[in-house]
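Biologist: Please show me the model. I would like to ask about its charged residues.

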Amino acid sequence: MSGPADCRVLGRWRIVEADLWDGNYLNLAGPATLTIGNDGHGEMAFGAMQASLDLQYGRSIVFFRWGGFDEGDEVTGSGSAELNDDGTLEIELSYDNDDEVTLKARRS
């Protein structure tokens, strides 16, 4: 793992696609976003979910544990966000209840 200074995915990303939901759901409560901070923490919000991230950094990927709320229910899981050759970010989320989703994001 590299440090946050070497990580190419730092910053704010706009989530634009999901393999399970359409754009209307993604932006239900506001713009769907993922923020990768340089302090070991980040945030994501899409649909009715808001969550905090605890990050581990690679050069073009981050791994994280996440926790938050979706429609008032507590949700937790793990995931990764990897920079693609085309400049998009592919986000793999696993919920602790075994659900999985793949999201695509572009820099804000």
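Biologist: How many salt bridges does a search of the whole structure find?

Modeller: This is a predicted model, in which local features need pLDDT of at least 70 and side-chain atom pairs count only at pLDDT 80 or more, while totals for chains, interfaces and linings use all residues. Residues are numbered from 1 along each chain as its sequence is written, and side-chain values use heavy atoms, with hydrogens and water left out. A salt bridge is a side-chain nitrogen of Lys or Arg within 4 Å of a carboxyl oxygen of Asp or Glu. By that rule, the number found in the whole structure is one.

Biologist: Which residue forms a salt bridge with Arg65?

Modeller: Side chains of opposite charge can pair when their charged atoms come close. Here the closest N and O atoms are 3.0 Å apart, and the partner of Arg65 is Asp96.

Biologist: How many residues apart in sequence are the parts that Arg65 and Asp96 tie together?

Modeller: Strands (E) are DSSP runs of at least two residues, numbered from the N terminus. Arg65 lies in strand E5 and Asp96 in the loop between E7 and strand E8 (100-107), so the parts tied together are separated in sequence by 31 residues.

Biologist: Is Asp70 buried or exposed?

Modeller: Buried means under 20% relative accessible area, exposed over 50%, and partly exposed in between (1.4 Å probe, protein chains only). Asp70 has no salt bridge, and the nearest side chain of opposite charge, Arg65, is 15 Å away. By the area rule, Asp70 is buried.

Conventions
Lys and Arg count as positive and Asp and Glu as negative; His and the chain ends are not counted. Helices (H or I, at least four residues) and strands (E, at least two) are DSSP runs, numbered from the N terminus.
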